[in-house]
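Visitor: Hi! Could you walk me through this one, starting with how you decide what is buried?

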Amino acid sequence: MKVAIVGGVRIPFARANGAYNEASNQDMLTAALTALVNRYGLKGQAVGEVAAGAVIKHSRDWNLARESTLGSGLHPTTPAYDLQRACGTSLSAVAQLANRIDRGEIDCAIAGGADSASDVPLSYSKNLQRTVLSLSRGKSWADKLATIGDLRPWDIAPAHPGVGEPRTGLSMGQHCEEMAKEWQIGRKEQDELALASHKNAAAAWLSGFYADLVVEYQDLKRDNNVRGDTSMEKLAALRTAFDASPAGTLTAGNSSPLTDGAAAVLIATEKWARERNLPVQAYLTFSETAAVDFVGMAGTKEGMLMAPAYAVPRMLDRASLKLQDFDLYEIHEAFAAQVLCTLKAWESENYCRNRLGRNEALGKIDRARMNPKGSSVALGHPFAATGARIVATLAKQLAERGSGRGLISICAAGGQGVTAILER
């Protein structure tokens, strides 16, 4: 596969319950798509397909991608569909659309994602749900009053969406705490990675790197979670977030924050791009997904966020590459500990032999090449938007270099992972 990455655009990522408090998934995704349409002169044109999604969705979002497409300035005959693979949503969208382009079914497409941790759907009791439905079916006022009489005061209290994995009841942070203990990843290591993420992101903003990747939205001009002035001392002063015991290591400072935002990326055949005098920043050449048994249903239990540890080596084998054959590594920072666990797994001969079925360890990577423009701990993590954010960021870096190869690795809820290779 060799599919052109033309470029991407996103709105600034905002901490939840702040700048985008009143914005919906559709509002934000429409803004990102519109910015992409304007950037590449696509207004009034039909593209082959739009694929996008959100993880935290209201029932009104059932046709999110299509509704956002209709509001983006693209020709209304542009088809669109929703998909969702937790944090890997928009990278999965890129991979799916790239496969269609590679097979010659379409010549261009847009992948994207949006998520609001501010505008979350609230759920109510089953009894209230049944009562409301019965009210709508009631034929007389007597029927309706009898139905209301079944309600109890506690039935009306809303419940916030659960953050735990359905199979375990543990949150992603709690699962990552388990991984940190298993892999003996200390607090200092995590804070060091978080500090590097903030420093790199702040430097990238200062240098103007994000100037053409991010468009102003609702008076916000840049990601508002980046802390260029943070320090190891400030990070060390934070309380642990998921394990209050002395053994806890994950904090708000070394974890990605709840974030609102949206991102989109344009991909195409090289011919389609050249005919329109559009740039080709890089090419998507390989992608891979994996899932791990984090519950222990089939025997050996694996860390919930370890799926990229499996997906990457499978992808490397197909590409006939080694882990060290990359100029850049964009590894999504759901938590600093999750990144460090994955790197340590690849460095472990025992893990690579017994879990990955390899003859030797994959080895170390050059940390200076990892997330040089910051990643999710600093920039924020609107779940479904992160993949498109990373693809656009890596493609631009490769374009600026003039050549090179980059690895993308994203862990996702449910014990899944999505990975890809970009080249120029």
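Guide: Happy to. Buried means under 20% relative accessible area, exposed means over 50%, and partly exposed is what falls in between. Keep in mind that this is a predicted model.

Visitor: How many aromatic pairs does the structure hold?

Guide: There are 7 aromatic pairs. In one of them, the ring centres of Tyr 20 and Tyr 217 are 5.1 Å apart and the planes stand at 65 degrees, so this pair is edge-to-face.

Visitor: Where do Tyr 20 and Tyr 217 lie?

Guide: Tyr 20 is in the loop between β2 (14-15) and α1 (25-39), and Tyr 217 is in the loop between α7 (187-207) and α8 (232-236), so the pair ties together parts 197 residues apart in sequence. Both Tyr 20 and Tyr 217 are buried.

Visitor: And how are the rings of Phe 242 and Phe 335 arranged?

Guide: Their centres are 5.9 Å apart and their planes are at 85 degrees, so Phe 242 and Phe 335 are edge-to-face. Phe 242 sits in the loop between α8 and β6 (259-268), while Phe 335 sits in the loop between β8 (328-331) and α11 (336-347), so the pair ties together parts 93 residues apart in sequence.

Visitor: Which residues do ring pairs link into a cluster?

Guide: Trp 183, Tyr 310 and Tyr 351.

Visitor: Switching to charges: which rings does the charged end of Arg 10 sit over?

Guide: One is the ring of Phe 13, with the charged end of Arg 10 at 4.4 Å from its centre. Another is the ring of Tyr 210, where the distance to the centre is 5.3 Å.

Visitor: On to helices. Which residues of α6 are buried?

Guide: In α6 (residues 172-182), the buried ones are Met 172, Gly 173, His 175, Cys 176, Glu 177, Met 179 and Ala 180. Their cover includes α7 and α11. After α6 comes Gln 184, with a positive phi near 55 degrees.

Visitor: How do α7 and α11 pack?

Guide: They pack at an angle of about 105 degrees, with axes 9 Å apart. That makes α7 roughly perpendicular to α11.

Visitor: What makes the contact?

Guide: From α7, Glu 189, Gln 190 and Leu 193; from α11, Ala 336, Ala 337, Val 339 and Leu 340. By type, the residues of this α7 and α11 contact are 5 nonpolar, 1 polar and 1 charged.

Notes. Residues numbered from 1 in each chain as written. Predicted model: local features only at pLDDT ≥ 70, side-chain atom pairs only at ≥ 80, totals over all residues. Heavy atoms only, no water. Phe/Tyr/Trp six-rings, centres within 6.5 Å; stacked < 30°, edge-to-face > 60°. Helix = DSSP H or I, 4+ residues; strand = E, 2+ residues; numbered from the N terminus. Buried < 20%, exposed > 50% of the residue type's maximum accessible area, 1.4 Å probe, protein only. Lys NZ or Arg CZ within 6 Å of the ring centre and 35° of its normal. Contact = heavy atoms within 4.5 Å. Axes fitted to C-alpha atoms, helices over the stretch in contact; angles between N-to-C directions. Parallel < 35°, antiparallel > 145°, perpendicular 65-115°, else oblique. Nonpolar A, V, L, I, M, F, W, Y, C, P; charged D, E, K, R; others polar.
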